Amino acid sequence: MVIADVAVMPLRPYANEDQMYKVVDACIELVEKSGLKYEIGAMSTTFEGEFDEVFELIKRMHKLPFELDCERVITVARVDEKAGGLTIEDKLRNHR
């Protein structure tokens, strides 16, 4: 089990933030439909799962804006993996 923290930033062509957030919302919808456990944050979305399914979801999140006519996308992904596995709950145990 690994944890990924992902932020997808569609850059253009968007006249306003509402158009941009429609693309971000579509990426979040991919996460919701993935079946993986996730948490949406103010600047990124965190999810957990098996290595291959996490990286497949990151790839799909990065590619989706292009399907929605975006010309450029920056995706920032951080992955935390621990021998024996790691969950969001494990990571936040001392803060909840």
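This is a predicted model: local features need pLDDT of at least 70, side-chain atom pairs count only at pLDDT 80 or more; totals for chains, interfaces and linings use all residues.
Residues are numbered from 1 along each chain as its sequence is written, and side-chain values use heavy atoms, with hydrogens and water left out.

**Whole chain.** Show the cartoon and follow it from the N terminus: the elements run β-α-β-β-α-β-α, giving 3 helices and 4 strands (DSSP runs numbered from the N terminus: helices are H or I with at least four residues, strands E with at least two). The C-alpha atoms fill a box of roughly 45 × 25 × 20 Å along the principal axes. Of the 96 residues, 31% are buried (under 20% relative accessible area; exposed is over 50%, partly exposed in between, with a 1.4 Å probe and protein chains only).

**Helix α1.** Now select residues 17-34, the 18 residues of α1. From first C-alpha to last, α1 reaches 26 Å, close to the 26 Å expected at 1.5 Å a residue (that is, 1.5 Å times one less than the number of residues). Colour Val23, Val24, Cys27, Ile28, Leu30 and Val31, which are buried. They sit on the same side of α1 because they cover an arc of only 145 degrees around the axis (judged by directions from the helix axis to the C-beta atoms). These buried residues pack against β1 (2-12), β2 (37-40), β3 (45-49) and α2 (51-67). Turn to the face pointing away from the buried side and you'll find exposed Asp18, Lys22 and Lys33.

**Past the end of α1.** Leu36 comes up in the loop between α1 and β2, and Leu36 is buried at 12% relative accessible area. Beyond neighbours within four places in sequence, its contacts (heavy atoms within 4.5 Å) include Phe47, Val54 and Leu57.

**Thr46.** Finally, pick Thr46 in strand β3. What does its side chain touch through a polar contact? The partner is the side chain of Asp5, at 2.8 Å (a pair of N or O atoms within 3.5 Å; within protein, one must be able to donate a hydrogen and the other to accept it, and residues adjacent in sequence count only if both atoms are side-chain atoms).
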